[in-house]
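I opened a new page for this entry. I wanted to work through the coordinates and write down what I found.

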Number of protein chains: 2
Amino acid sequence: MGVRELGLPERFPHDGSLPERVTIWEVGPRDGLQNERTTVPVDVKLEFLDRLADAGLTTVEATSFVHPKWVPQLADAEELLARLRRRDGVRYPVLVPNERGLDRALAAGVTHVAVFASATESFARRNLNSGLDAQFAMFEPVIARAREAGLDVRGYVSMCFGDPWEGIVPTEQVVTVGRRLLDAGCTQLSLGDTIGVATAAAVERLLDAFIEGGVAIADLAVHFHDTYGQALANTLAALRKGVTTVDASAGGLGGCPYAESATGNLATEDLVWLLDGLGVEHGVDLDALVETSRWMSRQLGRSSPSRVVRALSG
Amino acid sequence: MGVRELGLPERFPHDGSLPERVTIWEVGPRDGLQNERTTVPVDVKLEFLDRLADAGLTTVEATSFVHPKWVPQLADAEELLARLRRRDGVRYPVLVPNERGLDRALAAGVTHVAVFASATESFARRNLNSGLDAQFAMFEPVIARAREAGLDVRGYVSMCFGDPWEGIVPTEQVVTVGRRLLDAGCTQLSLGDTIGVATAAAVERLLDAFIEGGVAIADLAVHFHDTYGQALANTLAALRKGVTTVDASAGGLGGCPYAESATGNLATEDLVWLLDGLGVEHGVDLDALVETSRWMSRQLGRSSPSRVVRALSG
């Protein structure tokens with residue numbers, strides 16, 4: 001008999017020290033797939049989105065309007081959104097890199113967008129070919145126009161804990177960048193540990209700094225990478241601080257930037273296992289999600305880096 | 001430039017909510033190797049033990065006196081211990097399954113032994129071919145004789161959170177088994193999540209139950225497996241409860257019971273990364289340890305499942 005049939009993981013009653021409910025922000029179809037080498041047909045992506053919603057995920061980042069030259073995997077964004085079978089109660093945010101991307105998103109009937117900002121000068125220059133000031137000059141009109149059109153706008157803040165050129169990123173700098181995005185109109189921030197170097201102590205300090213800076217914890221999401229194995233411990237620390245939105249990628253998609261190492265996004269299944277144990281509600285059917293990730297693994301021709309997916313597939 | 005040269009992970013000052021110092025109980029040479037298929041020559045094992053001590057580990061479980069029929073990998077225990085270059089300040093505990101094993105350990109000059117008990121009737125029957133009562137009948141004279149000889153005796157309690165035949169293991173049962181081992185003379189318990197199904201909530205409840213049962217937290221170690229990705233989050237929860245001894249396996253050795261899945265022991269490197277970030281002292285040189293695990297990977301002909309080892313070898 002499998003561990004699931006035996007009632008594992010044991011579900012503990014909610015103890016009041018954690019949020020009662022967490023929203024899992026599923027990034028697999030966008031952040032996950034954009035880092036996968038195997039080109040995925042639009043029909044497979046549509047089935048993936050359907051299966052994720054069937055499994056109970058209520059926020060599924062669907063695609064990106066970044067230029068196809070940079071992310072060929074998501075060049076089918078228009079077709080995908082045109083054919084997407086939207087569900088009541090499910091949000092399908094879309095990443096937009098600039099005003100041109102926003103135009104495309106608006107034309108596609110998107111109701112929720114996200115911008116991808118950097119907390120560091122170095123990464124802004126590498127990723128956007130511009131510095132931090134130019135980053136805001138580019139995003140401010142995007143955010144303003146999106147909000148005028150009635151859209152919600154998430155602001156990703158990348159490199160919140162460490163940067164591969166600058167090393168340790170000062171907390172104040174991250175808070176400054178985050179507040180600037182909120183002031184520009186963002187409705188939520190996703191604080192990203194892009195290179196996976198955060199520990200629980202760093203997570204606590206950054207969240208404390210945002211709270212002290214007057215930002216509501218409800219407006220903060222966390223986005224952890226498992227490069228050094230810390231993603232779930234960091235998530236636990238964030239939950240203890242009251243964070244109620246956690247980013248994760250079904251099956252740990254996008255977790256293989258180089259070869260077989262499993263160093264990418266926190267796997268949604270591993271997060272669900274933790275939340276189940278902690279008695280925190282999330283609405284996701286773990287077995288349906290695992291089945292979805294196993295199916296997606298077959299499409300990609302490689303095994304999932306999620307520990308839960310692997311263990312339940314053994 | 002690598003993340004290590006950039007000063008990552010960031011080391012936070014100790015904040016008083018955690019133990020100031022943790023003893024890492026390195027189980028790689030025993031628990032790790034016994035689950036590896038590739039036979040490792042005794043010279044390699046001796047170099048492994050030397051390298052681990054060089055890296056700053058002060059407790060290195062060296063081998064086991066279990067019958068060679070069950071664990072052929074450790075059939076060289078006598079030769080290993082005869083040739084081991086013991087260091088001041090480093091303990092080399094050895095697992096003993098029964099009185100015959102204790103005799104061999106005493107003859108080999110061992111000063112610290114461990115017994116491996118089960119928290120469940122089912123696992124006791126499977127692993128020891130006896131029930132829980134027979135388990136104690138077997139271990140009690142081993143523990144008593146070892147203590148009489150002046151040895152420290154660790155009691156492993158396996159299946160503390162879930163059992164593959166019984167499912168959820170009642171907390172009271174684990175505490176009963178643990179107390180019985182302490183009453184028999186064990187100087188420390190290692191609470192094992194043998195199948196990796198614990199979550200942070202389960203860890204907290206079990207530790208609370210032991211504390212309420214009058215057991216000193218200083219006498220409790222934790223031993224987590226990463227089968228469902230929870231090992232480090234569970235460790236964080238245990239540290240917050242005041243646990244000061246954490247078991248781990250260099251490079252995640254023993255992590256591949258089936259094929260390529262990384263489902264075994266918590267990797268020492270991933271633990272060290274966490275402790276560094278939290279400002280908890282441990283005395284281990286992470287870079288030397290990673291180098292040791294990379295060397296051991298070459299001996300075994302496979303890559304390490306430790307995320308830190310993989311990331312720093314990229």
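My notes follow, topic by topic.

I am working from a predicted model.

**How the copies relate**

I started with the superposition. I laid chain B on chain A with a turn of 180 degrees and a shift of 0.0 Å along the axis. The RMSD came out at 0.0 Å. That is the relation of a two-fold axis. I then asked which C-alpha of chain B is nearest the axis. It belongs to Ala233(B), and the distance is 2.0 Å. I also compared the contact residues of the copies. The same surface serves both, with 100% of the contact residues of chain B recurring in chain A.

**The interface**

How many residues does each chain bring to the contact? I noted 48 from chain B and 48 from chain A. Between them the chains bury about 4,000 Å². Carbon and sulfur atoms account for 63% of that area. On the chain B side I looked up which residues lose the most area to chain A. They are Phe12(B), Tyr228(B) and Arg307(B), together 18% of what that side buries.

I logged 6 salt bridges between chain B and chain A. One of them pairs Arg205(A) with Glu10(B), at 2.9 Å from N to O.

Which elements of chain B supply at least two residues each to the side that touches chain A? Two strands are listed: strand 7 (162-163) and strand 8 (167-168). The helices are helix 8 (200-212), helix 9 (231-240), helix 10 (268-278) and helix 12 (307-312). I sorted that side of chain B by class and got 28 nonpolar, 9 polar and 11 charged residues.

**Salt bridges in the whole structure**

I widened the search to all chains. It returned 48 salt bridges.

I picked Lys45(A) and Asp76(A), which meet at 2.8 Å, N to O.

For contrast in placement I took Glu121(A) and Arg125(A). Their side chains form a salt bridge at 3.2 Å, N to O. Both lie in helix 5 (residues 121-128) of chain A. They are 4 residues apart, about one turn of the helix. Glu121(A) is partly exposed, at 30% relative accessible area.

In chain B I checked Asp208(B) and Lys241(B). The salt bridge is 3.0 Å, N to O. The pair links distant parts of the chain, 33 residues apart. Asp208(B) is in helix 8, and Lys241(B) is in the loop between helix 9 and strand 11 (245-248). I read 27% relative accessible area for Asp208(B), which is partly exposed. Lys241(B) is also partly exposed, at 30%.

I also traced shared partners. Asp50(A), Asp54(A), Arg85(A) and Arg87(A) are joined by salt bridges into one network.

I ended with the backbone. Most residues other than glycine have a negative phi, and most peptide bonds are trans. I noted the exceptions below.

Where is the cis peptide bond in chain A? It joins Leu8(A) and Pro9(A), with omega about 0 degrees. Pro9(A) lies in the segment before strand 1 (23-26) of chain A. In chain B a cis bond joins Leu8(B) and Pro9(B), again with omega about 0 degrees. Pro9(B) lies in the segment before strand 1 (23-26) of chain B.

Then I checked phi. Met159(A) has a positive phi of about 60 degrees, though it is not a glycine. I placed Met159(A) in the loop between strand 6 (152-158) and strand 7 (162-163) of chain A. Met159(A) is buried, with 3% relative accessible area. In chain B, phi of Met159(B) is near 60 degrees and positive. Met159(B) lies in the loop between strand 6 (152-158) and strand 7 of chain B. I recorded Met159(B) as buried, at 3% relative accessible area.

Terms used: Residues are numbered from 1 along each chain as its sequence is written. Chains are lettered from A and ligands numbered from 1 in the order in which they are written. This is a predicted model: local features need pLDDT of at least 70, side-chain atom pairs count only at pLDDT 80 or more; totals for chains, interfaces and linings use all residues. Side-chain values use heavy atoms; hydrogens and water are left out. Contact means heavy atoms within 4.5 Å. Buried area is the accessible area (1.4 Å probe) that two parts lose on being put together, summed over both. A salt bridge is a side-chain nitrogen of Lys or Arg within 4 Å of a carboxyl oxygen of Asp or Glu. Ala, Val, Leu, Ile, Met, Phe, Trp, Tyr, Cys and Pro count as nonpolar, Asp, Glu, Lys and Arg as charged, and the others, Gly among them, as polar. Buried means under 20% relative accessible area, exposed over 50%, partly exposed in between (1.4 Å probe, protein chains only). Copies are superposed by least squares on the C-alpha atoms of residues with pLDDT of at least 70 in both.
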